[in-house]
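Please read it alongside the sequence and the coordinates.

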Amino acid sequence: MAEIRQLDRVQPLGRVAAVIDAAVAPPRSVARFRRLFGSFNPWFWGIVGLPTLIAGVYYFAIASDLYLSEAKFIVRSPKQVQASGIGALLQSTGLARAEDDTAAVQDFITSRDVVRMLEQKNDLREVFNRQEGDFITRFPGILFWRTDFEALFGRYDRFVSVETNASTGVSTLSVKAYRPEDSEMLATALLAYSEQLINELNERARRDALDTARREVDRAEQRIAEIQTELTAYRVKQKMLDPKSASSGVLELIGQMNAAQANARTQLGELLNNSPNSPQIPLVKNRIASLDKLIAEERAKLSGATDSVVSALTEYERLNLQRELAEKALASAFTSLEAARLEAQRQQLYLETIAQPNLADYPLYPKRLVSFAMVLVSCLLVYGIAWLLVASAREHAAA
């Protein structure tokens with residue numbers, strides 16, 4: 001009986017203790033909260049949780065829709081050959097793509113010059129600052145104090161891009177905007193400005209080629225005029241119109257005197273044989289001596305050291321040869337000028353639009369799920385790499 005009474009006393013005390021414990025113990029929600037924060041990893045939340053949360057809020061609640069307008073074009077030239085893809089089609093028309101000039105157009109589309117043109121003619125600032133745009137991507141956006149041209153140019157790359165297919169040479173122009181009509185307008189304007197650039201390159205190449213050929217013609221004409229002036233001065237100095245004709249006259253005169261001298265010598269021989277005492281012998285001898293003197297004088301005129309026909313003829317022939325060479329150079333320069341004119345007309349660049357800019361009816365950007373998934377995966381990779389590095393450092397420290 002005593003044991004029963006003692007047990008009865010213990011049971012109420014146990015019940016009281018259980019009630020007190022139940023009153024003091026926290027509820028289940030509080031316990032779960034404590035377990036959650038008891039295992040809280042600040043590195044995980046800082047590297048993965050917070051960036052993912054920010055990305056989710058931005059992409060699914062803040063990011064504005066962007067409408068894409070695409071255009072496809074190719075720059076081609078008749079002087080090159082292409083045998084594959086679209087190049088084969090263009091080759092059938094005698095045209096092929098021009099790789100260097102395609103790169104020039106691509107660089108122009110992403111240059112400051114075209115941004116300046118769009119700003120002045122197509123109100124680019126207003127297009128990038130539409131009310132539909134979110135405060136992060138539109139211009140000037142969160143950097144409201146940066147409204148200068150460099151800030152506009154830095155934002156331009158986010159909306160406009162151009163890529164070229166290396167195998168076909170076809171370039172794809174992509175323009176994004178907050179309104180579909182804005183993206184189509186900018187794409188159309190960029191194609192027009194690119195075609196204007198191609199026309200300027202054509203005109204510059206044509207002008208350079210023709211100017212070079214014209215300079216060669218002018219140089220040849222100037223050289224001929226200088227040589228003609230030298231010839232005129234030389235004729236005045238030598239007092240003869242044509243040294244060739246003068247030398248021919250001297251040679252003819254020497255020939256005649258040689259013939260007369262030969263006749264006189266023949267006559268003298270006959271007189272000495274037939275009439276040794278003839279009074280004509282001295283006269284014939286004097287005639288022969290005179291002819292010898294005249295022949296010597298004429299030969300001196302023909303081939304003397306100075307002021308001779310030979311020296312005059314040599315200088316004349318040199319000048320005449322230079323004139324002939326200059327005339328040939330002038331004829332060649334005229335031929336080159338005509339060839340340059342034909343070549344300039346033939347070797348033109350063409351910007352051929354394959355696909356016109358489209359008017360988008362649905363926003364393709366931003367890729368919300370893809371972008372959010374990329375942020376999550378990137379953060380997880382960074383966290384995994386950091387965890388491995390920390391674990392490796394701890395193992396080395398423990399060892």
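Predicted model: local features only at pLDDT ≥ 70, side-chain atom pairs only at ≥ 80, totals over all residues.

Residues are numbered from 1 along each chain as its sequence is written, and side-chain values use heavy atoms, with hydrogens and water left out. The secondary structure comprises 13 helices and five strands; these are DSSP runs numbered from the N terminus, with helices being H or I of at least four residues and strands E of at least two. Of the 399 residues in the chain, 32% are buried, where buried denotes under 20% relative accessible area, exposed over 50%, and partly exposed the range in between (1.4 Å probe, protein chains only). Among contacts with a separation of 6 or more, 73% are between residues 24 or more positions apart; a contact requires heavy atoms within 4.5 Å.

**Helix 3 against helix 13**

- The axes of helix 3 and helix 13 are 9 Å apart, and the two helices pack at an angle of about 170°; axes are lines fitted to C-alpha atoms, for helices over the stretch in contact, and angles run from 0 to 180 degrees between N-to-C directions.
- Helix 3 is therefore roughly antiparallel to helix 13, on a scale where angles under 35 degrees are roughly parallel, over 145 roughly antiparallel, 65 to 115 roughly perpendicular and the rest oblique.
- Helix 3 contributes residues including Trp43, Phe44, Ile47 and Tyr59 to this contact, and helix 13 contributes residues including Arg368, Phe372, Leu376 and Tyr383.
- By class, the contact of helix 3 with helix 13 has 17 nonpolar, three polar and one charged residue; Ala, Val, Leu, Ile, Met, Phe, Trp, Tyr, Cys and Pro count as nonpolar, Asp, Glu, Lys and Arg as charged, and the others, Gly among them, as polar.

**Aromatic pairs and charges over rings**

- There are six aromatic pairs in the structure; rings of Phe, Tyr and Trp (its six-membered ring) pair if their centres lie within 6.5 Å, and planes under 30 degrees apart count as stacked, over 60 as edge-to-face and the rest as tilted.
- The pair of Phe44 and Tyr383 is edge-to-face, because the ring planes stand at 85°, with the centres 5.2 Å apart.
- Phe44 in helix 3 (residues 42-62) and Tyr383 in helix 13 (residues 368-398) are 339 residues apart, so this pair links distant parts of the chain.
- Phe44 is partly exposed at a relative accessible area of 28%, whereas Tyr383 is buried at 18%.
- Phe128 and Phe159 form a stacked pair, because their planes are at 20°, with ring centres 4.4 Å apart.
- Phe128 belongs to helix 7 (residues 124-128), and Phe159 to the loop between helix 8 (149-156) and strand 3 (160-164), 31 residues apart; both Phe128 and Phe159 are buried.
- Ring pairs join Phe44, Trp45 and Tyr383 into a cluster.
- Arg116 lies over the face of Phe149, 3.8 Å from the ring centre, and the charged end of Lys367 sits over the ring of Tyr365 at 5.3 Å from its centre; the criterion is NZ of Lys or CZ of Arg within 6 Å of the ring centre and within 35 degrees of the ring normal.

- Residues of helix 6 including Val115, Arg116 and Leu118 meet residues of helix 8 including Phe149, Leu152 and Tyr156.
- The contact of helix 6 with helix 8 comprises seven nonpolar, no polar and four charged residues.
- Leu124 is placed in helix 7 and is buried, with a relative accessible area of 0%.
- Leaving aside neighbours within four places in sequence, Leu124 contacts Val115, Leu118, Glu119, Leu152, Tyr156 and Leu186.

**Backbone features**

- The peptide bond from Phe139 to Pro140 is cis, with omega near -5°, and Pro140 is in the loop between helix 7 and helix 8.
- Tyr365 and Pro366 are joined by a cis peptide bond with omega about 0°; Pro366 is in the loop between strand 5 (350-355) and helix 13.
- Asp123, a residue other than glycine, has a positive phi near 55° and is partly exposed at 45% relative accessibility.
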